[in-house]
Amino acid sequence: MIADNPRVQGSRSIETYSWKWMRLSAFFLIPLVWFHSIIQALITGGGNLSLEYVQTRWMFLGWRIYDIFLLAFAFSHGISGLRQVLFDFIKSAHWRSVTNWALLAFWLLITFIGAIAIIGGVRMPG
Amino acid sequence: MPDNTTTTIKGYIKYRGQGHYAFLMHRISGLATFVFLTLHIATTSTVFLAPSMYEMLVRVFRNPVVMVGEIIMAFFVVYHGVNGFRIAYNDLFHNELWAKASTRSALGYVFITAFVLWLPAICIMGYNLLKSGLGFFGGE
């Protein structure tokens with residue numbers, strides 16, 4: 001099955017890039033998630049979140065850039081990881097193709113709504 | 001064609017030597033983190049897409065059950081980071097560390113490091129849970 005598929009042979013296949021991406025993004029994600037979690041979950045605390053808090057935080061452009069990187073690295077890493085797990089169970093070429101397209105659509109959707117919020121910022125009601 | 005799903009699940013359950021539990025924990029923590037991340041992005045995006053909903057969601061984040069879930073999530077994220085670092089480092093730079101003896105000693109370090117790094121989360125998030133979630137220490 002896999003060996004018959006010319007797309008996964010050779011060192012320049014999509015699977016090789018995916019494999020490398022998981023490991024390279026991991027090195028970026030460890031410090032990115034580390035600081036994000038310490039500041040948001042430990043110093044600020046989830047219970048202290050508010051629209052005003054997010055607005056103040058995003059007044060600094062650096063935090064928006066930080067969050068864009070976090071979104072891009074973390075969600076692509078997650079989608080790729082989920083794909084690896086699903087492919088342990090899904091073996092047929094047809095369903096793997098369906099899975100790929102579904103994951104691509106989901107990846108684009110969530111990345112889009114995350115990015116639009118980071119770029120658009122907080123809309124204060126009233 | 002053999003039933004691949006059964007084969008996969010049997011492979012997951014049956015102990016397959018050094019690193020098997022680390023592998024299983026990596027998958028479980030990764031899937032949990034993925035679900036959390038998706039919800040986290042979706043809920044945070046309401047600051048732009050539906051701001052009045054965000055205020056409602058913040059009240060959900062203060063629910064004690066959600067706060068306990070966050071403390072457990074913190075362990076999953078920390079474990080996934082520590083074990084993921086080992087995987088990426090071994091794969092990209094030091095393949096020989098995948099040898100049986102090295103893996104065995106590394107696993108102990110992985111679980112201990114993850115637990116130690118989790119302690120600040122237990123203390124601080126646990127304090128917040130007792131204070132603002134359950135009303136101890138003069139919290140509401």
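**Close-up views of a predicted two-chain model**

View 1. Of its 29 residues, A:L71, A:A74, B:A74, B:V77, B:V78, B:A114 and B:M125 touch the most other members. A nonpolar core is a set of buried Ala, Val, Leu, Ile, Met, Phe, Trp, Tyr and Cys residues joined through C-beta atoms within 7 Å. A residue is buried if 20 or more other C-beta atoms lie within 10 Å of its own, exposed if 12 or fewer, and partly exposed in between, with C-beta atoms placed from the backbone. Helix α5(B) gives the largest share, eight residues. Helices (H or I, at least four residues) and strands (E, at least two) are DSSP runs, numbered from the N terminus. Leaving out residues up to four places away in sequence, B:A114 touches B:V78, B:Y79 and B:V82; two residues are in contact if their C-beta atoms, placed from the backbone, lie within 7 Å.

This is a predicted model, in which local features need pLDDT of at least 70 and side-chain atom pairs count only at pLDDT 80 or more, while totals for chains, interfaces and linings use all residues. Residues are numbered from 1 along each chain as its sequence is written, and chains are lettered from A and ligands numbered from 1 in the order in which they are written.

**View 2. Chain B has six helices and zero strands.** Its elements run α-α-α-α-α-α from the N terminus. The C-alpha atoms of chain B fill a box of roughly 55 × 40 × 30 Å along the principal axes. The radius of gyration of chain B is 19 Å, whereas a compact globule of 140 residues would have one near 14 Å; the value is taken over C-alpha atoms, and the globule rule is 2.2 Å times the number of residues to the power 0.38. Of the 140 residues in chain B, 23% are buried.

**View 3. Chain B meets chain A through 39 residues of chain B and 36 residues of chain A.** On the chain B side, α1 (4-13), α2, α3 (46-49), α4 (51-61), α5 and α6 each supply at least two residues. The largest share of that side, 10 residues, comes from α2(B).

**View 4. Helix α2(B) packs its buried residues against both chains.** These buried residues are B:H26, B:S29, B:G30, B:T33, B:L37, B:I41 and B:T44. They pack against α3 and α4 of chain A and against α3 and α5 of chain B. At 1.5 Å a residue, the 25 residues of α2(B) should span 36 Å, and the end C-alpha atoms are 35 Å apart, which agrees; the expected span is 1.5 Å times one less than the number of residues.

**View 5. A:T99 lies in helix α4 of chain A.** A:T99 counts as partly exposed because it has 16 C-beta neighbours inside 10 Å. Apart from neighbours within four places in sequence, A:T99 is in contact with A:R83, A:L86 and A:I90. The C-alpha atoms of A:T99 and A:L86, 13 residues apart along the chain, are separated by 8.1 Å.

**View 6. Confidence in chain B is lowest in α1(B), at a mean of 78, and highest in α3(B), at 96.** The mean pLDDT of chain B is 89, and 96% of its residues reach 70 or more; pLDDT is the predictor's confidence in each residue, from 0 to 100. For the complex, the predictor gives an ipTM of 0.88 and a pTM of 0.89.
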